[in-house]
Each structure stands twice: as C-alpha cells, then as structure tokens.
Amino acid sequence: MERKRVLITGAAGFLGSHLCDRFIKEDYHVIAMDNLITGDLQNIEHLFALENFEFAHHDVSKYVYVPGKLDYILHFASPASPIDYLKIPIQTLKVGSLGTHNLLGLAKNKNARMIIASTSEVYGDPNINPQPEEYWGNVNPVGPRGVYDEAKRFQEAITMAYHTFHGLETRIVRIFNTYGPRMRLNDGRVLPAFIGQALRGEDLTVFGDGSQTRSFCYVDDLVEGIYRLLLSDYAQPVNIGNPDEITIGQFAEEIIKLTGTTQKVIYKELPVDDPKQRQPDITKARALLGWEPKVDRAEGLKITYEYFKSLPAEALVNKEHKDFTTYNR
Ligand SMILES: NC(=O)c1ccc[n+]([C@@H]2O[C@H](COP(=O)([O-])OP(=O)(O)OC[C@H]3O[C@@H](n4cnc5c(N)ncnc54)[C@H](O)[C@@H]3O)[C@@H](O)[C@H]2O)c1
C-alpha cells in the first residue's frame, strides 16, 4: 500500500524532530522542512538515510512548494523560547502569520489536513486557573511577548477561517510547556536553564519570588496527544499538557535534588508580562481523545537530565543570552 505523506515544518526543532520520529515509526513518508533558524540538523540526522524521509531547507514564511500528494501538514515552525522570539521578533510574527497562510494554501491545494502548533501563551497571563479552551486570554499585544502570543492567536484565527470558509480539515493544539531530550540547553526555557546552571556549577536563577507556577509535559506524552488529535474529527482548539502544577521555587529544589548540585537559588526581578500561573484543563483531551499524560515529572526529568549530561562539554557554554538564562517559561 502506498504510504501516507506528511509535511512537518519546524522539523529540525525540539518538537518537530520527535514528531518526525513518530510518523516514521507509523510508516509515513515524512517531508521535513526547516530553515534552521533555531533548529539543528543533528536532531533529525538519524533519519536521513531512510528512503521514506526527506529534508527541505526552506523558510515557510516564503512561498512553499511541495511536489506530489500530501495527506497531512503539521505546522510546527516558529521560534518558541522567549530568548528566540525576543531576538527575532519579526520572523516570529511572520512565521505565525505569513507562514501559516502559505501552509493553509498548500493544504487547500493538496486537500490535506493541517494541524497547527498553538500554545498556552494564547491565554497570556491568565485570570483563571486551570485554563480551559473556552478562556479567551489576557494578552498584552504590545508587550515584549506580544510578538509570539499574537502571532499564535492570529494563527488560530486564520486556521479557523480556512476551516469555516474553505471547509479545510484543520486541527489546533494548544501546547503547554513541554520538555525532553533535544531541547537546547541555553534557549531560556526554565527547565534546560536550571539543568544547565546546575551542570556548570552556577546558582539557579529564579525570576520573581518563585511562587509563579508552571506545568511540564514530557515530550512523548505530547506527541501522543498531537497524533490522536490529528486523527480525530475535532476542529476546535484542544489543550495538551500535563496538569501537574508546580511553583518555580519548588521546581528549582527538584532540580537541585536531581542533579545533586551544591549551588543555591538566587532571585532576580520578574520579567514583564510573565504569566503567574499555568495549568492546562485537559478535560477535552481526556473526553475526545482518551488522552492523558503518562510520564510523571520524576521519570521525565531523569531521562532529560541524562540527555543533557551526554552532550559534549561545549554545549554547556551559554553563548545565547546572559540575562535571560531563566525566563521561567
Ligand atoms: N516546546 C514547547 O513547550 C512549546 C509550547 C507551546 C508551543 N510550542 C510550539 O511548538 C512549535 C515547536 O516548538 P519547539 O519547542 O520545538 O521549538 P524549536 O525552536 O526547537 O523548533 C522550532 C523549529 O522551527 C524552525 N523554524 C522557525 N521559523 C521557521 C521558518 N520561518 N521556516 C522554517 N522553519 C522555521 C526552527 O529552525 C526550529 O527548527 C512552535 O510552533 C512552538 O510555538 C512549543
């Protein structure tokens, strides 16, 4: 039987690369697309020899051409960490808007089903906790995070418009903080930042008093949720994340215990518009997809720590941005 063909954008990134692995495992033909602005070919180089895998080095904010049929498009290209989107704000806005428009056009042309990677950041600094999909959010469009949050909100809007007006098959996943192997150690997200600081023998930086909360989902759980959502018939947004909420202060203590570091926690000023709380309401995912996370934090953190420890010493050097070592995202 002819293989189904899937286009994955952002394929050389953290989530995109794990999605490539999953679709290869399911025996799809995978077309991986990435402009490598924050991604790394090392994340997918183990797939290059496969006959059902191909890579296209391309910026999806420009016209996207893919020959042949396509069954599914997974649009995961976008800078995703605060360091990245603060460094490249215009590209972030473009990939969420122009990039999404280009890919929706391609999906329409190929009669393919498309899923977009939205985010819990569409809820901004939420006034309710946990956040159900019906909550519309509390976002500052002109704050520093606006470039990411509003790009994602626009991305949802245009995707829904293609669904409503063109009858395109679309899916929207609202991803909450996810972690696992292949994250960049110095991308400013709180988990690799803490582990990086512990491995370098530095104090762990908490922004604010550490009482803000986050919920961390292990990457394998997320990929399973995305896979199920894509194959479902539900076009409204669905939260995928782990509802096990923890304060940043407690999380720093967990990392200290995990890594055995003798360093302490130091506190710095809270960044602008930093969300105070983050916990997914996953009632919908449970009911519609029969999905819930399976990997608890202790287990997922252990795997992730082993991955970071296995990296060459130069990966530990923080060349990215000194003052943003932890943005507590
Ligand atoms: N990781 C999370 O916790 C999380 C949470 C919410 C949403 N998301 C979303 O999931 C997606 C993937 O995030 P990630 O954590 O894997 O980030 P990542 O930075 O590791 O991966 C993003 C990939 O997209 C590529 N890219 C960026 N702009 C591009 C463009 N114009 N054309 C082609 N490729 C481009 C990058 O080079 C990179 O490989 C993003 O859309 C992000 O907003 C992630």
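Visitor: What should I know about the numbering and the values?

Guide: This is a predicted model, in which local features need pLDDT of at least 70, side-chain atom pairs count only at pLDDT 80 or more, and totals for chains, interfaces and linings use all residues. Residues are numbered from 1 along each chain as its sequence is written, and side-chain values use heavy atoms, with hydrogens and water left out.

Visitor: Which domains does the protein have?

Guide: The assignment gives domain 1 (5–178 + 217–240) and domain 2 (184–215 + 244–277 + 295–324). Such bounds come from an automatic or database domain assignment. The C-alpha centres of domain 1 and domain 2 lie 25 Å apart. Their contact takes 24 residues from domain 1 and 21 residues from domain 2. Contact means heavy atoms within 4.5 Å.

Visitor: Why is T259 called buried?

Guide: Buried means under 20% relative accessible area, exposed over 50%, and partly exposed in between, with a 1.4 Å probe and protein chains only. T259 has 16% relative accessibility, so T259 counts as buried.

Visitor: Where does T259 lie, and what does T259 touch?

Guide: T259 lies in helix α7 (residues 248–259). Helices (H or I, at least four residues) and strands (E, at least two) are DSSP runs, numbered from the N terminus. T259 touches A198 and Y305, leaving aside residues up to four places away in sequence.

Visitor: What makes a set of residues a nonpolar core?

Guide: The members are buried Ala, Val, Leu, Ile, Met, Phe, Trp, Tyr and Cys residues, joined through side-chain atoms within 4.5 Å. The largest such core here has 61 residues. F23, L74 and F76 touch the most other members. Helix α6 (residues 219–231) gives the most to this core, with seven residues.

Visitor: How do you know where this core lies relative to domain 1 and domain 2?

Guide: Domain 1 and domain 2 both give residues to this core, so the core lies between them. A second, separate core has 22 residues, including L7, L103, M160 and L168.

Visitor: What does F23 touch?

Guide: F23 touches V6, I8, Y28, V30, L74, Y227 and L230, not counting residues up to four places away in sequence.

Visitor: Which residues come nearest to the ligand?

Guide: They are L15, D34, T38, Y148 and R189, out of 30 residues around the ligand. A residue is near a molecule or strand if one of its heavy atoms lies within 4 Å of it.

Visitor: Which polar atoms lie by oxygen atoms of the ligand?

Guide: A polar side-chain atom of T38 lies 2.7 Å from a ligand oxygen. For an N or O atom in the side chain of K152, the distance to a ligand oxygen is 2.8 Å. I37 has a backbone N or O atom 3.0 Å from a ligand oxygen. The protein covers 98% of the 820 Å² of accessible area that the ligand has on its own. That area comes from the Shrake-Rupley method with a 1.4 Å probe; for residues, only the protein chains shown count as cover.

Visitor: Which element gives the most to the shell around the ligand?

Guide: β5 does, with three residues.

Visitor: Why is D59 called partly exposed?

Guide: D59 has a relative accessible area of 24%, so D59 is partly exposed. D59 sits in the loop between β3 (53–57) and β4 (72–75). A polar atom of the D59 side chain lies 2.8 Å from the backbone nitrogen of S61.

Visitor: Is R182 buried or exposed?

Guide: R182 has 18% relative accessibility, so R182 counts as buried. Its place is in the loop between β7 (178–179) and α5 (190–200). Phi of R182 is near 85°, a positive value in a residue other than glycine.

Visitor: What joins N129 and P130?

Guide: A cis peptide bond joins them, with omega about -5°. P130 is found in the loop between β5 and α4.

Note on methods:
Polar contact = N/O pair within 3.5 Å; in protein donor to acceptor, adjacent residues only side chain to side chain.
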